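Please read the following account of the pockets alongside the model.

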Amino acid sequence: MDSYIALKHTHTLLAFISILGFGLRGHLALVMNRPLTNPIIRIGPHVINLIFIVLGLVMWHISKLPLLGWFGLKMVFVLAYFASDGLAFSRAKQGLRSQGVVFYVLGLIAFLIAAWIAVSKPVLF
């Protein structure tokens, strides 16, 4: 059980780092209108998000939670967050800044909903 707690804390830390990185990249690309050329800013979030999702899946495997329930719903919003992340910055790069802002805000909302589900674990079925 100690390893599960360590995984959970690492997963939570990576979620926090992920949303901070999303905020930083959103500020640079959408507010300051600067290209994301630094490799750490461009590639780092993908590495963090990959480890974040893998740890989540490992914890799901250990806990044997049903996919139909709060965990599955959380995964839908996490995937929506990842998709919005990609769409927001690709639109900004194409010069479609207003669309980028919309996807950015949708990504923030999806992340907040996923975090709320993770903390509250609502009974759905």
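The lining of the second largest pocket is made up of seven nonpolar, six polar and five charged residues. Here Ala, Val, Leu, Ile, Met, Phe, Trp, Tyr, Cys and Pro are nonpolar, Asp, Glu, Lys and Arg are charged, and the others, Gly among them, are polar. A pocket is an open set of points on a 1 Å grid over the protein atoms alone, where a 1.4 Å probe fits, with protein on both sides within 12 Å along at least five of seven lines; its lining residues have an atom within 4 Å of a point. This is a predicted model, in which local features need pLDDT of at least 70 and side-chain atom pairs pLDDT 80 or more, while totals for chains, interfaces and linings use all residues. Residues are numbered from 1 along each chain as its sequence is written, and side-chain values use heavy atoms, without hydrogens and water.

The volume of the second largest pocket is about 410 Å³, counted as the space filled by probe spheres set on the points, with grid points joined across faces, edges and corners. Its lining has 18 residues, and L36, R42, F89, S90 and K93 are the closest to its centre. Helix α3 contributes the most, seven residues; helices are DSSP runs (H or I, at least four residues) numbered from the N terminus. At least two lining residues come from each of α1, α2 and α3.

The largest pocket holds about 540 Å³ of space. Among its 25 lining residues, H11, T12, K74, A118 and V119 lie nearest the centre. Two or more residues each come from α1 (2–31), α2 (39–63), α3 (70–93) and α4 (97–120), with α1 giving the largest share, seven residues. By class, this lining has 18 nonpolar, four polar and three charged residues.
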